[in-house]
Amino acid sequence: MFCVAPPELETKMNITKGGLVLFSANSNSSCMELSKKIAERLGVEMGKVQVYQEPNRETRVQIQESVRGKDVFIIQTVSNKQCKMRKRGSIVSKLLASMMCKAGLTHLITMDLHQKEIQGFFNIPVDNLRASPFLLQYIQEEIPDYRNAVIVAKSPASAKRAQSFAERLRLGIAVIHGEAQDAESDLVDGRHSPPMVKSVAAIHPSLEIPMLIPKEKPPITVVGDVGGRIAIIVDDIIDDVDTFLAAAETLKERGAYKIFVMATHGLLSSDAPRLIEESAIDEVVVTNTIPHEIQKLQCPKIKTVDISMILSEAIRRIHNGESMSYLFRNIGLDD
């Protein structure tokens with residue numbers, strides 16, 4: 001039920017018409033490893049390219065083979081970029097989308113965009129693939145007693161994703177409410193200093209600006225039963241692990257005897273590996289979209305799921321002019 005590709009995929013991978021070139025960006029070694037896995041599944045050699053930095057840190061790129069008239073695919077894991085509006089700031093992803101399209105990009109394949117609306121920033125076709133089938137398969141195959149599990153949303157914002165996982169696995173759902181709020185505060189942008197009533201009246205005698213009640217963090221509550229169950233927290237990104245650690249502690253207090261965290265992108269910044277190793281979390285499962293080999297050496301609890309199969313199949317279908325709809329079969333917006 002959760003297979004992304006048809007059974008004959010392994011043989012079809014090598015049946016690609018000529019003219020496909022696959023390049024790997026050199027942002028990190030893991031990006032190159034992912035590119036090699038994709039190339040191996042496609043049955044092609046990696047494109048020859050030299051990327052290096054001059055002494056003045058200027059980046060030079062030299063393509064060392066002909067790409068005229070060919071379909072060129074570039075594999076790259078991007079760095080952290082702002083993808084939604086923070087207070088009155090800009091959305092950096094829109095600028096990046098415009099730059100990429102101006103540079104000549106004609107098709108974009110992504111994996112679990114943090115904000116799916118980003119697809120609208122591009123004026124080219126965008127295929128936002130999902131890692132959920134692979135994570136669901138991991139739960140079924142690697143957690144023997146997963147039938148005694150409950151899918152957990154660590155905040156109401158991730159409840160839809162948790163519900164999607166729970167429905168596919170035929171499991172219950174729990175939602176944690178009252179987690180630590182975002183580090184950003186209204187104090188940083190001046191909203192705590194509204195105009196004085198006197199100055200407002202000077203504009204117009206009848207003008208009154210309604211004042212909102214300041215936010216207060218509610219007490220932590222868990223909606224749903226986790227006592228004596230395996231708790232599986234699902235999200236799209238795990239970076240700063242403070243909220244995950246707080247959620248794990250809450251679930252442990254409510255009687256959960258095992259706690260897993262499942263996410264597509266494992267950024268695991270700063271001292272996240274150490275904090276995870278010392279926490280109540282039993283296992284963190286992420287995909288290889290983001291490099292985290294160093295973090296795995298620091299924390300054996302971190303496990304990796306390979307998603308090169310779906311990326312290689314997407315490339316093959318685009319190159320051969322085939323439909324992409326199969327890769328999105330039974331995939332919902334909330335996955």
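Which residues are linked with Glu 313 in a network of salt bridges? Select Arg 316, Arg 317 and Glu 322 along with Glu 313, and you have the network on screen. A salt bridge here is a side-chain nitrogen of Lys or Arg within 4 Å of a carboxyl oxygen of Asp or Glu.

Before you go on, note that this is a predicted model, where local features need pLDDT of at least 70 and side-chain atom pairs count only at pLDDT 80 or more, while totals for chains, interfaces and linings use all residues. Residues are numbered from 1 along each chain as its sequence is written, and side-chain values use heavy atoms, leaving out hydrogens and water.

Zoom in on Glu 313 and Arg 316, whose closest N and O atoms are 3.0 Å apart. Both sit in helix α10, 3 residues apart, or about one turn; helices (H or I, at least four residues) and strands (E, at least two) are DSSP runs, numbered from the N terminus.

Now select Asp 306 and Arg 41, which meet in a salt bridge at 3.8 Å, N to O. Asp 306 lies in the loop between β13 (302-305) and α10 (308-319) and Arg 41 in helix α2 (residues 29-42), so this pair ties together parts 265 residues apart in sequence. Asp 306 is partly exposed at 27% relative accessibility, and Arg 41 is partly exposed at 23%.

**Last stop: Glu 278.** Show this residue with Arg 274, its salt-bridge partner at 3.3 Å between the closest N and O atoms. Glu 278 is exposed at 58%, whereas Arg 274 is partly exposed at 42%.

Conventions
Buried < 20%, exposed > 50% of the residue type's maximum accessible area, 1.4 Å probe, protein only.
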